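Hi,

Here is the structure I promised to pass on. My notes on it follow below.

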Amino acid sequence: MLEMAAEELLEAVEEEKRLQHALFRTLLPKDEADERDCILEVRAGTGGEEASLFAMDIFRMYEKYSQKNGWKFDAIDIMESAVKGYKEASGAISGPGAYGKLKFESGVHRVQRVPVTEKSGRVHTSAVSVAVLPQADEVDVQLRNEDLRIDTYRSGGSGGQSVNTTDSAVRITHVPTGTVVAIQDERSQHQNKAKALKVLRARLYELERHRLHTDRSKLRSEQIGSGDRSERIRTYNFPQGRVTDHRVGVTHHAIEDVMEGESLDVFIDALLLQEEMDAIASFAS
């Protein structure tokens with residue numbers, strides 16, 4: 001009888017903890033941007049042509065991950081390098097909770113591998129920067145014509161060759177903030193302008209979010225990283241077949257699965273869990 005009572009008490013204590021955790025979760029402040037679509041920006045960093053090849057791999061990794069989640073992935077603009085990698089690439093990801101899942105992917109992704117151009121088999125270290133921004137619409141960010149400087153020019157491919165004989169490429173500068181967006185992906189100037197405005201709204205919306213939530217941004221910075229592009233967040237070591245996220249200390253030993261977008265949730269889920277645990281700890285204290 002005593003043993004049965006002790007067992008029931010233990011179960012009751014566990015149930016109390018579970019309910020308490022569930023209660024804390026309902027009381028935590030929600031980020032309304034988590035359910036939004038997002039803009040993905042990838043830029044080659046240190047490492048020359050190898051960095052551009054890795055930027056292409058990373059961009060495609062997120063494209064595959066988006067497809068796996070049933071999200072729509074549209075390339076906005078791609079600037080190729082001489083070896084057909086990506087100097088810069090941006091895409092729009094549309095689907096339920098896209099930003100909420102990908103928001104901690106912003107930062108520096110480092111790769112260690114033997115480049116295809118390396119004859120001696122020496123391992124090189126390169127890096128790309130990733131930025132994930134919540135998409136904004138005209139209600140969120142109102143762009144005044146007098147604040148915009150819009151320039152048009154001819155599109156140029158890798159190596160400087162012209163890919164269009166008309167001035168279809170568009171560069172938009174938001175004068176008050178100095179934010180510049182250039183798009184040359186489409187042959188239509190109108191389509192490039194529409195894409196550039198979409199990216200510009202996302203960048204300005206994120207600037208405003210940081211301004212309005214400085215305390216929250218500081219808390220996130222202290223807990224799981226700032227999400228700043230200058231922060232090294234993850235290392236992809238191909239010779240050892242592993243990927244390590246430096247913020248949560250998680251290592252996964254199936255690098256090909258990660259690059260195919262299959263195992264990316266190993267890191268995303270760990271980061272979201274860490275965010276939740278830190279928020280609960282902060283709330284409880």
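Let me start at a turn: four residues separate β7 and β8 in their hairpin, and Gly178 there has a positive phi near 75°. Helices (H or I, at least four residues) and strands (E, at least two) are DSSP runs, numbered from the N terminus.

Before you dig in, note that this is a predicted model: local features need pLDDT of at least 70, side-chain atom pairs count only at pLDDT 80 or more, and totals for chains, interfaces and linings use all residues. Numbering starts from 1 along each chain as its sequence is written, and side-chain values use heavy atoms, with hydrogens and water left out.

β7 (residues 169–174) and β8 run antiparallel and are joined by five bridges; strands count as paired if DSSP finds at least two bridges between them. Val170 has Ile183 of β8 as its bridge partner, and Arg171 has Ala182.

Both strands belong to an open, antiparallel sheet of three, ordered β6-β7-β8.

What covers which face of β8? Thr179, Val181 and Ile183 make up the covered face, while Val180 and Ala182 lie on the uncovered one. In general, side chains of a regular strand alternate between the two faces of the sheet.

As for the whole chain, there are seven helices and eleven strands. Of its 285 residues, 43% are buried (under 20% relative accessible area, exposed being over 50% and partly exposed in between, with a 1.4 Å probe and protein chains only).

Cheers
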